[in-house]
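Here's a quick briefing to read alongside the structure. Have a look at the picture first, then come back for the details.

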Amino acid sequence: MIPMLKRIFRTGILTEPLPEGAATPAAELDRLQDEIVRILGRALTIREVDAGSCNGCELEIHALNNPYYNLEGRGIKFVASPRHADMLLVTGPVTKNMENALRIAYDCTPDPKLVVAVGDCGCGCGVAGELSGPNYASCGAIENVVPVDVRVPGCPPTPLALLQGILAAVRR
Amino acid sequence: MKLLDEAIEFTSQPGVGAPVWRGHAEDGIELHAFAAAVRRADGRMAAIWGEDRRPHGAGFRLHCVFGLNEGHAWVSLDLPAANPVYPDLADVFSAANRMQRATRDMVGIATAGGDQRPWLRHGAWPADWYPLRHDAGPGEGFPNAPSDYDFVRVGGEGAHEIPVGPIHAGIIEPGHFRFSVIGEKVLRLEQRLGYQHKGVERRFIGMDVAQGARLVGRISGDSTCAYAWAYAVAVESAAGIEVPQRALALRALMLERERIANHLGDLGALGNDAALAFGLTQFMRLKEDWLRMSDRLFGHRFMMDRIVPGGVTTDLDAAALAEMVEQCDTIGRDVKELRAIYDEHPGLQDRFLTTGAIDADLARELSLSGMGARATGMLLDGRAWRQGYEPPAPYKALGVRPITDDRGDVAARVAVRFGEIFESLRLLRALAVGLPTGPVRVDCAPTAGSGLGVVEGWRGEVLVGVELGADGRIARCHPHDPSWQAWPALEHAVMKDIVPDFPLINKSFNLSYTGADL
């Protein structure tokens, strides 16, 4: 136990200021948390759906929970069921074999809901988007299957880009 | 030359990649006999794929790759256009089962008898339409009909089923698991995969080799370097190109960075799955530091598109290498400290020890490769010397020590990951110090030819087989993920354990869905 506590103490708090926006990161953070509370009355909950990605996007979505980005500390958390979610964070391209499952997850998410399309494949743009367009096994971009509010391109998008995308969706 | 005293005549594949011998079986009986001989010699079924050669006035071609002690035997078998059927190899290698079913779904060449359930085809296209046939047409506009799957049923009093997926509870890829349980005890797990199938093999057809390199790097994002390297070896072998030594060393440097990045993430997640959130936080922090360094060195956190046919796109200068080595020292110290904490944590060890165990006999039977196999005590690592096997450059000069642990449980897979991090850190230092001088890339303008690349990725053996047409474009490309063989190992590992241990056991393998679904 003591080595663990020592390590926690020595590691300290690594969380970095939020990107872009207001001059002082602290003010920005307060504003964001106020906004989330004003709109939702509680934490923002996200259900991640991999509808056919190469798992590159998932690696970066995982990174959002590391202590540098500290997503949960900012009042945003991932949940296990779409029924508990305010937002679907979807990676693609949407395979035909996942088309139905994605529609069901979308229908299960209570209104008002937000959908963020993640990655070049999910947004149908860039090099990867070109490589993963519709074919016999794929519906292509996420917007071809469910309505999309915000797009976060990148192959894969960096954790910062993902954070900005999630914030952009909340501010809509 | 002959292998294993069998009838098939083999020739050695040119190039600097892992040793590959190519041969052609006269008929299905010869192929089946060779497979049986490989099995008797404790060899492995490495990959199976099919090819439509009717545009060349021939029929279909079946490709089988076997892993032998000395290297890989790539055997092809021609099948008539009218009745493309071959003997079922699943009675020799159970690993052949899903690969054969996928080959039937994709190309329409089938086994005589054996398991005929579809694998990659769920309901998005009809059973008599095959996406990799040259006359298949675009295949869009089929109704996406929901399909039923014939799971094996477990009967008896108190037995019931728990269906899980395709969408799982975490931030993970989709797949379906069907547990048959009594109380908490798992009697049987049957996987149904293919949800990630996005028609990758079909997309390769007609691409130039540069485009193909970008696509192959996006088959499994966590193994982008392994795939890009295996693909590059295959294309370079087909084109008869020699890659500069500095490029080979930089490829190994990227591959080892990829291995460490994934092991760091997995060690954190494994702590978390046993309720030690401290482990997740600490390792995710180290992984983030590691990825940021990869970004500084190569301009991409996962080093996508940095390994290309002909060499690598990014060179490192002395300052960058020094910075990298310095970080290796820091991360090494941190991981050592965390290993001591993991080793001495009673709660964690209680969850890890004896959970999800498989043994070396089963690993051999399932043709398992990579980290999962080494965690049963098997000395199988494509980067390391073993009796009769010479590893490819630059590994043959590095003296890689394969990390093994014969317990076969979650604890063993954790221990192998720790050991491999330290060994890869040593390799990174050795590569940085001894980096050869010279160019990092040569021109690669291939014409017709074919080749097979084999690379020891962090998960296991990644293979890429490439066939180039007369115009130098890709006629067929088959990438093979080690997860094909490891998924059935997970089915075995979870038996007799309890349902709540499944996430931990699953994570200890951390298999790729997209790599095997394509």
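Two strands count as paired if DSSP finds at least two bridges between them. With that in hand, a word of caution: what you're looking at is a predicted model.

- β13(B) and β14 (residues 461-468) of chain B run antiparallel and are joined by eight bridges. One pairing to look up is B:Glu456, whose bridge partner in β14(B) is B:Glu461.

**The β8-β9-β10 sheet of chain B**

- Chain B also has an open sheet of three strands in the order β8-β9-β10, with antiparallel pairing.
- Its edge strands are β8 (159-164) and β10 (185-192) of chain B, each of which pairs on one side only.
- Neighbouring strands of this sheet are turned by 20° against each other on average, direction ignored.
- Six bridges hold the antiparallel pair of β8(B) and β9 (residues 176-182) of chain B. Among them you'll find B:His160, with B:Val181 as its bridge partner in β9(B).

- The bond joining B:Gly165 and B:Pro166 is a cis peptide bond, with omega about 20°. You can find B:Pro166 in the loop between β8 and β9 of chain B.
- Another cis bond runs from B:Ala393 to B:Pro394, and its omega is near 0°. B:Pro394 sits in the loop between α11 (370-374) and α12 (410-433) of chain B.
- B:Asn510 isn't a glycine, yet its phi is positive, near 40°. Look for B:Asn510 in the loop between α14 (502-509) and α15 (514-517) of chain B.
- Is B:Asn510 buried or exposed? Its relative accessible area is 17%, and buried means under 20%, so B:Asn510 counts as buried.
- B:Leu518, in the segment after α15 of chain B, has a positive phi of about 55° although it is not a glycine. At 2% relative accessibility, B:Leu518 is buried.

**Chain A at a glance**

- Chain A has seven helices and seven strands. Starting from the N terminus, they run α-α-β-α-β-β-β-α-β-α-α-β-β-α.
- Of the 172 residues in chain A, 58% are buried.
- Take the contacts in chain A with a separation of 6 or more: 76% of them are between residues 24 or more positions apart.
- The accessible surface of chain A is about 7000 Å², and carbon and sulfur atoms account for 58% of that.
- A:Met1, A:Leu5 and A:Ile8 make a nonpolar surface patch of about 330 Å². A:Leu5 belongs to helix α1 (residues 2-11) of chain A and is partly exposed, with a relative accessible area of 48%.

Conventions
Residues numbered from 1 in each chain as written. Chains lettered and ligands numbered in written order. Predicted model: local features only at pLDDT ≥ 70, side-chain atom pairs only at ≥ 80, totals over all residues. Heavy atoms only, no water. Helix = DSSP H or I, 4+ residues; strand = E, 2+ residues; numbered from the N terminus. Axes fitted to C-alpha atoms, helices over the stretch in contact; angles between N-to-C directions. Patch = residues over 30% accessible without salt bridge, like charges linked within 9 Å, V, L, I, M, F, W, Y side chains within 5 Å. Areas by Shrake-Rupley, 256 points an atom, 1.4 Å probe, with all protein chains shown as cover. Salt bridge = Lys/Arg side-chain N within 4 Å of Asp/Glu carboxyl O. Buried < 20%, exposed > 50% of the residue type's maximum accessible area, 1.4 Å probe, protein only. Contact = heavy atoms within 4.5 Å.
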